[in-house]
Amino acid sequence: MTVYVGLQTTPSRVVQINTPAMTEAGRWVGEAGDIEVPALGNQFWYNHIVPNVIPSKIIPLDSLKVVQRHTLGAGEGEVLASTADNSYLYIAPNTDPNPGIVKKVSPLDLVEVARWTGGVGDGKVLSLLLQGSYLYAGLDTTPAVVVKIQLSNMTEVARWTGGVGDGPVNALAYQNTPWVFAGLNTGDVVEIRPSDMVETDRYSGAAIVLSLASDNSLYVYAGLSTGTVLQITIIGMALNFSWVGGEGAINAMCFSGAVYAGLNSTPAVVVKLNRDTMVEEDRWTGGAGDSVVRSLLLGGVPPIYVGLESKTVVALNVPTDMTETGRWTGDPTDTEVLSLAVRGTVALSDHIWAGLNFSPGVMVPISPTSMREAKIWVNVDAQRILCLLSALPGGALFGYAGLNTNPAVVIRFNDDYGALWEEDRWTGGVGDGPVRSLARLSTYVLVGLQTGQVVLLDDTMAEIARWTGTDPVVALAIPPAGDYVFAGLGTTPGEVVKIEIASMTEDSRWTGAPGETVTSLAYRGGYLYIGGTGPGAPQFQVSQAYALSRRNV
Amino acid sequence: MAGQCVIQIDPDSMTEVARWIGDPGQVLSLNGRDGLFAGLNTPDVVNINTGSMEETNRWTGAAGEVPQTLARAIGG
């Protein structure tokens, strides 16, 4: 069990505490300028915090880490290739004119933990292949080079260097005999023994090899600039069958029971080819504006993800019918999706990462279920958020933010697994002051205002009833039965009003003794709990004795 | 001087049943999901036994780390 504590510090801090031991398990520290945490909500998938800054921010936390798009460093250009294991992302940016690099980064915040850097004469990294404890990097170098890198320390342990006339390594694939296959810009597909990185065989072709895929059994498939896919036997490295599309170069391929080939065409096309006969079985054709497949990612089956030149990632339902099941489209200023990566499989990971054609490179985290970008939500009203209410298990995945505005505003944001965006809002009338408290009852939301009202909103964010008082409603609590709402008032002494929800009329109230105030409410186990200030210690002794006496009775 | 206080209320009669009171100061935040936790105006979060209204244990942060808000992790 965990409780999260928002601290009243600068910068903001959120501490994760394990209960019942009450030991600290982790903490998030805000950026400079983030002040306090005035609102903190429970959330089904994430926990959100709201630093007290203007404009306010709602930050999705994953193990107390912020997930958002990431820009690479100076000299680290377009993301030409990326891959991941269960623990880290590996990113190969364009480094021209400097030697290639591969960055090993944390999948949550993309903080670099290690890197491999090529030597003199090593061009940029064009292709990556992750297999077991090693990463293979194909270089933009003549003669061609494939470097074998040990994942644990990102050091080079061996390399294959081609012969005279062997051009850059555009693509890599793996077969578990084991072999590594390198597709060359000069037309050959080279079979390399990974243990010592010695070439053992090759298929000699004429057209540029842009992409490779392996069925991990009998064949390696080569996608050519001419729009043809070659089926090459692993034993003998001989051409068996081919699919002659001619509709555009084969920019990307992956294998999942069949061969999927992404075309350099408009509209974008992904073709499904029979693994044995190379006959086309199905295809997905993009809509208007969908152009050129730049990358394909097999993230578990289904689906596969298709990165487009038109700043879009499309999820396809394979192997069944190749229908589109979702898409993410970047901002107008975004660029083509050159690479895609996922940590482990989609089932294990929170995000897929799209590498964009910016310089410096940009990595965008996308929720595989909602296909929306995971990002910090900044409230456009530039107002401090005073309170926050999150979705409940089994309920709709919504969150509500109450703003420090006149009239009052409550924003409903959708927090569907990795993304945050404003979905709807309620704006109070004249005289409705800032939102001090929020509570949720099924699909209804109760809003406590600084100006003394408790407003009942329905699931369309429309007001359906209200109770009107005169003092600030600083806290709300609802029992499981949902028949009443308790409203804590910021009076001196403090008061708690019991309001019947059906009629939004006052049933009764508790009034504190002199000096007692109400700051917070909680409902648990049939009792209402009031947090605040009580009288000093001498009076407490009497009260506690009274309470114990009552319980004994 | 006013003290940090959590009051247990019978919701039917809206009368006090028992209370926990700490040091001089104020309770800033409460959370009642899977336990009762009170964030104080000192760097403390107190775990309160709702049966006895006595403190079970507490987390104490560094100086100045006042627990302004509390949230209980739910679901995943």
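**Close-up views of a predicted two-chain model**

**View 1. Chain B, whose elements run β-β-β-β-β-β-β from the N terminus on.** In this predicted model, the secondary structure of chain B amounts to seven strands and zero helices. The C-alpha trace of the chain spans about 40 × 40 × 20 Å along its principal axes. Of the 76 residues in chain B, 57% are buried. Where contacts in chain B join residues at least 6 apart in sequence, 32% of them link residues at least 24 apart. The average pLDDT of chain B is 90, and 93% of its residues score at least 70. For the complex, the predictor gives an ipTM of 0.96 and a pTM of 0.78.

**View 2. The contact between chain A and chain B.** Chain A contributes 57 residues to the contact and chain B contributes 50 residues. On the side of chain A that touches chain B, the elements giving two or more residues are the strands β1 (2–7), β2 (13–18), β4 (39–41), β48 (505–511), β49 (517–524) and β50 (527–534), together with α1 (537–552). The largest share of this side, eight residues, is supplied by β50(A). By class, the side of chain A that touches chain B comprises 29 nonpolar, 20 polar and eight charged residues.

**View 3. Strand pairing across the two chains.** Strand β1(A) is joined to strand β7 (residues 67–72) of chain B by five bridges, and the two run antiparallel. Within β7(B), B:Ala71 is the bridge partner of A:Tyr4. A:Tyr4 also belongs to a nonpolar core of 85 residues, whose members include A:Ile385, A:Ile499 and B:Val6.

**View 4. The largest nonpolar core.** This core has 97 residues, and those with the most contacts inside it are A:Ala137, A:Val146, A:Leu172, A:Leu212 and A:Met253. Leaving aside residues up to four places away in sequence, A:Val146 touches A:Tyr136, A:Ala137, A:Gly138, A:Arg159, A:Trp160, A:Val169, A:Leu172, A:Val180, A:Ala182, A:Ile192 and A:Met197. In soluble globular proteins, nonpolar side chains tend to be buried together.

**View 5. A four-stranded open sheet of chain A.** The strands of this sheet follow the order β9-β10-β11-β12 (chain A), with antiparallel pairing. Because β9 (79–84) and β12 (112–117) of chain A stand at the edges with a single partner strand each, one side of each is left without a neighbour in the sheet. On average, neighbouring strands of this sheet are turned by 20 degrees against each other, direction ignored. Strand β11 (residues 101–105) of chain A is connected to β12(A) by five bridges, in an antiparallel arrangement.

**View 6. The surroundings of A:Trp353.** A:Trp353 is located in strand β34 (residues 352–356) of chain A. A:Trp353 counts as buried because it has 26 C-beta neighbours inside 10 Å, the cut-off being 20 or more. Not counting residues up to four places away in sequence, A:Trp353 touches A:Ser82, A:Leu89, A:Ala341, A:Met363, A:Val364 and A:Pro365. Between A:Trp353 and A:Gly525 the C-alpha to C-alpha separation is 44 Å in space, and the two are 172 residues apart in sequence.

Key:
Residues numbered from 1 in each chain as written. Chains lettered and ligands numbered in written order. Predicted model: local features only at pLDDT ≥ 70, side-chain atom pairs only at ≥ 80, totals over all residues. Contact = placed C-beta atoms within 7 Å. Nonpolar A, V, L, I, M, F, W, Y, C, P; charged D, E, K, R; others polar. Pairing = 2+ DSSP bridges. Buried ≥ 20, exposed ≤ 12 C-beta atoms within 10 Å, placed from the backbone. Core = buried A, V, L, I, M, F, W, Y, C linked by C-beta atoms within 7 Å. pLDDT = per-residue confidence, 0-100. Axes fitted to C-alpha atoms, helices over the stretch in contact; angles between N-to-C directions.
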